[in-house]
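Subject: Structure for you to look at

Hello,

Here is the structure I promised to pass on. Please open it next to this email and follow along.

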Amino acid sequence: MNFKKEFSFELIKLNLTKKDVFEFLEISRPTFDSRLKYPNTFKLGEIKKLNQLNININYFKNDLTRKINSDTI
């Protein structure tokens, strides 16, 4: 399943709207849509804020681990 779908399911589960999230992240709707399309562009502070909203951030944990491992090889 792709990130955007997983994220949408998370929002439904938490009874949040996209507007709730991008306003909480203090980013514009176009920026938010771009982040959903390219999740590796989320900034660390934004990921922390997503965690504060109880949004499952396992995708980011896996992505960060891949980045760390690829940088050290």
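First, a definition: a helix axis is a line fitted to C-alpha atoms over the stretch in contact, and the angle between two axes runs from 0 to 180 degrees between N-to-C directions. Two packed helices are described by that angle and by the distance between the axes.

Some ground rules. This is a predicted model, in which local features need pLDDT of at least 70 and side-chain atom pairs count only at pLDDT 80 or more, while totals for chains, interfaces and linings use all residues. Residues are numbered from 1 along each chain as its sequence is written, and side-chain values use heavy atoms, with hydrogens and water left out.

Now the overall picture. The chain has 5 helices and 0 strands. Both are DSSP runs, numbered from the N terminus: helices are H or I with at least four residues, strands are E with at least two. Of the 73 residues, 29% are buried. Buried means under 20% relative accessible area, exposed means over 50%, and partly exposed lies in between (1.4 Å probe, protein chains only).

Next, the packing of α2 and α3. Their axes are 10 Å apart and meet at an angle of about 105°. That makes α2 roughly perpendicular to α3, because angles of 65 to 115 degrees get that label. α2 brings K18, V21, F22 and L25 to the contact, and α3 brings R29, F32, D33 and L36. Contact means heavy atoms within 4.5 Å. By class, 5 of these residues are nonpolar, none is polar and 3 are charged. Here Ala, Val, Leu, Ile, Met, Phe, Trp, Tyr, Cys and Pro count as nonpolar, Asp, Glu, Lys and Arg as charged, and the others, Gly among them, as polar.

Then the core. A nonpolar core is a set of buried Ala, Val, Leu, Ile, Met, Phe, Trp, Tyr and Cys residues joined through side-chain atoms within 4.5 Å. The largest one has 15 residues, and F7, V21, L25, F32, F42, L50 and I55 touch the most other members. α1, α2, α3 and α4 each supply at least two residues of this core. Leaving out residues up to four places away in sequence, I55 touches F7, E10, L11, L14, L16, V21 and L50.

Is E10 buried or exposed? E10 counts as buried because its relative accessibility is 12%. E10 sits in helix α1. K19 lies in helix α2 and is partly exposed, at 48%.

Best wishes

Technical notes: Parallel < 35°, antiparallel > 145°, perpendicular 65-115°, else oblique.
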